[in-house]
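I opened the notebook today to look up a few spots in this model. Here are my entries, in the order I made them.

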Amino acid sequence: MQSASMRSVFFLWALMVFSLCVSRSRAQTCRNYTFTNKNTYALCVDLPVLSSFLHWNYTQSTGTADVAFRHTGASTSRWISWAINPKGQRMVGCQALVAYMTTSGSMYAYTSSVDSYSTDLPEGALSFGVPSISATYENGEMTIFARLKLGTSMTSVSQVWEEGPMNGPGTPGRHSMGGANVRSTGTLNFLSTSSTSGGGSPSGSSGISSTERKKNVHGVLNAVSWGVLMPTGVLLARYLKVFKSANPAWFYLHVTCQTSAYAVGIAGWVTGLRLGDEGGGSSVGTHGNIGMALFILATLQVFALLLRPKPDHKYRLYWNIYHHSCGYTAIALSIVNVFIGLDLLDPTKVWKRTYIIILVVLGCVALIMEPVTWAVVIKKRRRERSQKHPAVGMNGAHSNGYNGRSHEDGV
């Protein structure tokens with residue numbers, strides 16, 4: 001039974017590594033993105049900061065550009081903007097497209113001409129025509145769609161993209177003046193398939209932006225640690241400790257799995273903090289808050305290991321309650337947070353479907369092992385009761401036997 005359980009664990013691990021490697025090769029860039037409104041664009045660029053992408057079509061004969069600016073990991077309490085500046089790479093003079101979510105839950109998009117550094121992005125006409133503009137919010141992603149009448153002479157322009165907080169209904173606040181928000185500028189050639197923006201990966205290149213790469217690393221580390229290793233460690237403890245032959249090996253497997261999950265999870269948590277810094281201090285809200293809660297719970301579990309009393313200690317019951325409560329809460333939150341993170345990282349749902357398959361496999365293992373181990377426990381308890389009340393011999397002695405419970409029971 002122990003050998004079969006270990007084979008199941010190794011199979012799950014191999015499946016997870018293979019699936020993540022396949023998914024990694026299909027991670028989102030501007031080139032493999034599909035718009036839900038069926039819009040298609042010939043050219044695109046992965047912008048290097050602020051988790052943003054630009055897609056466009058350009059008709060040279062009329063000087064018309066159809067653009068779509070996307071910002072992933074967006075919060076409904078923040079605004080986004082993409083602008084071009086015919087006068088150079090600076091804020092003043094930018095002709096901006098702006099969007100945010102209203103208090104009614106609908107998206108509002110408009111144009112704004114930036115005339116000062118202290119602007120609150122008031123609505124107004126641009127130096128060129130904008131016949132249509134709209135915005136959407138789906139799966140943590142804000143997108144601005146617009147048609148620009150630029151004229152045939154404006155083919156190479158300076159661009160700026162930003163995001164910032166809302167100061168109230170209909171009032172965009174000032175964006176951060178440090179980090180990624182001061183690096184979100186570049187040049188764009190509407191005619192070129194190799195257009196770059198501030199160091200972003202062009203649509204014709206084979207790589208992805210450094211920000212996207214860090215997001216993928218963050219996602220893999222946390223999915224492996226919180227989403228797979230930690231639940232696997234719990235399964236090892238729950239279903240192996242009832243077998244005498246697995247004692248005390250199950251305990252060391254459990255500790256190894258959980259400490260590995262903690263170490264990998266901390267690495268993933270740190271990459272998340274760095275991504276937040278590079279995003280100009282912007283937050284992904286619930287995902288970041290749950291991540292902080294997981295870090296605290298996991299740290300408490302490390303202390304639980306260091307402070308674990310002996311099985312017969314009078315405080316062992318309270319330790320068990322503390323250990324199990326923190327552990328199961330962390331697992332529930334980790335699964336929820338992995339799904340939230342995958343929605344932010346991969347709107348095409350490739351990674352999400354892979355993780356669902358892994359959870360289904362873990363769930364099937366639990367469904368099989370739960371009745372098996374309960375049958376073993378019930379059988380042992382019956383044997384224990386029969387051994388506690390044997391026929392009394394002439395000398396009044398009672399026989400005793402192995403009680404079937406591990407010396408580490410309760411972990």
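I began with terms: two strands pair if DSSP finds at least two bridges between them. Helices (H or I, at least four residues) and strands (E, at least two) are DSSP runs, numbered from the N terminus. The model is predicted, so I kept in mind that local features need pLDDT of at least 70 and side-chain atom pairs pLDDT 80 or more, while totals for chains, interfaces and linings use all residues. Residues are numbered from 1 along each chain as its sequence is written, and side-chain values use heavy atoms, without hydrogens and water.

**Strand 11**

I looked up the partner of strand 11 and found strand 9 (residues 156–168), paired with it in the antiparallel sense over 5 bridges. Opposite Thr187 in strand 11 stands Ser158. Strand 11 (residues 185–189) covers Gly186 and Leu188 on one face, and leaves Thr185, Thr187 and Asn189 on the uncovered one. A handy reminder: side chains in a regular strand alternate between the two faces of the sheet.

**Gly124**

Next I went to the loop between strand 6 (107–113) and strand 7 (129–138), where Gly124 lies. Beyond its neighbours within four places in sequence, Gly124 is in contact with Thr111 and Ser112 (heavy atoms within 4.5 Å). I also noted 6.3 Å between the C-alpha atoms of Gly124 and Ser113, which are 11 residues apart along the chain.

**Leu307**

Last, I found Leu307 in the loop between helix 4 (286–306) and helix 5 (316–345). Leu307 counts as exposed because its relative accessibility is 63%.

Key:
Buried means under 20% relative accessible area, exposed over 50%, partly exposed in between (1.4 Å probe, protein chains only).
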